Amino acid sequence: NCCLDFEGENTEVSAVFHLLKVITKVLKERLEEMAKFIWFFFDCLFKWMACVLGRTQMLRDESQRSERFPQQFYVAFGELVYLLNQCFRSLCESDVGLARDFNRSVALFLHDCLSLMDRGILMEFIAVYISSLASKGLRYDFQTNCKFDALDIICNHEQFVSINLPS
């Protein structure tokens, strides 16, 4: 009973899945050109996800959060997160400024997705992305700084506010 039925007739709904797949494909093929503007593609994807969920009345019911997206969407999302890790490492070797901006864009996108997606599944993807940021190798100090930048952005989500308040 998912909001997004990819085998169904609703092309608007399946377009979110296809946009996710296109972003992944283009990022694989044209990393250098796309990395600078990845924030735009993430913004489009997030807004499209929100519009579709809004039209299907799935945003109002928090109890249905785990049913908003089907499993194959999360599989494709996981592939994107894995690719983003590889892209970040590649950018660290070629352009640290672009790598820093790329990391911030990814962190902001993951932060935004906490409002729409199943948080348990998304936290697994966040853990994968964060844990691979500071892998041993080239520019370890820079990667560690990027790791903490990403954590700072993601932890500013409303979900973390109650954890940060004194008791």
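**Aromatic and charged side-chain pairs in the predicted model**

Phe125 has a relative accessible area of 15% and therefore counts as buried, the cut-off for this class being under 20%. The model in which this residue is described is a predicted one, and the values reported below are computed from its atoms.

In one of them, formed by Phe73 and Tyr74, the ring centres lie 5.9 Å apart and the planes meet at 80°, so that the arrangement is edge-to-face. Both Phe73 and Tyr74 are buried. A further pair, that of Phe77 and Phe125, is tilted, with 5.6 Å from centre to centre and an angle of 40° between the planes. This second pair joins distant parts of the chain, since Phe77 belongs to helix 4 and Phe125 to helix 6, with 48 residues separating them. Phe77, for which the relative accessible area is 0%, is buried, and Phe125, at 15%, is likewise assigned to the buried class. The residues of these two pairs belong to one aromatic cluster, which is made up of Phe42, Phe69, Phe73, Tyr74, Phe77, Phe109 and Phe125.

Asp118 is situated in the loop between helix 5 and helix 6, the latter spanning residues 119-133. With a relative accessible area of 18%, Asp118 falls under the 20% cut-off and is therefore classed as buried. A polar atom of the Asp118 side chain lies 3.1 Å from the backbone nitrogen of Gly120.

Side chains of opposite charge can pair when their charged atoms come close. Three salt bridges are present in the structure. One of them is formed by the side chains of Lys21 and Glu79, with a nitrogen-to-oxygen distance of 3.3 Å. This bridge links distant parts of the chain, as Lys21 lies in helix 1 (residues 11-29) and Glu79 in helix 4 (residues 71-94), 58 residues apart. Lys21 is partly exposed, its relative accessible area being 36%, and Glu79, at 39%, is also partly exposed.

Another salt bridge joins the side chains of Lys47 and Asp43, for which the N to O distance is 3.2 Å. Both residues are found in helix 3 (residues 38-55), where Lys47 and Asp43 are four residues apart, or about one turn of the helix. Lys47 has a relative accessibility of 47% and counts as partly exposed, and Asp43, with a relative accessible area of 28%, is partly exposed as well.

The remaining salt bridge is that of Arg104 with Asp101, in which the closest N and O atoms are 3.9 Å apart. This distance is within the 4 Å cut-off, and the pair therefore qualifies as a salt bridge. Because Arg104 and Asp101 are three residues apart in helix 5 (residues 96-113), about one helical turn separates them. Arg104 is partly exposed, with a relative accessible area of 36%, and Asp101 is partly exposed, with a value of 45%.

Technical notes
Residues numbered from 1 in each chain as written. Predicted model: local features only at pLDDT ≥ 70, side-chain atom pairs only at ≥ 80, totals over all residues. Heavy atoms only, no water. Helix = DSSP H or I, 4+ residues; strand = E, 2+ residues; numbered from the N terminus. Buried < 20%, exposed > 50% of the residue type's maximum accessible area, 1.4 Å probe, protein only. Polar contact = N/O pair within 3.5 Å; in protein donor to acceptor, adjacent residues only side chain to side chain. Phe/Tyr/Trp six-rings, centres within 6.5 Å; stacked < 30°, edge-to-face > 60°.
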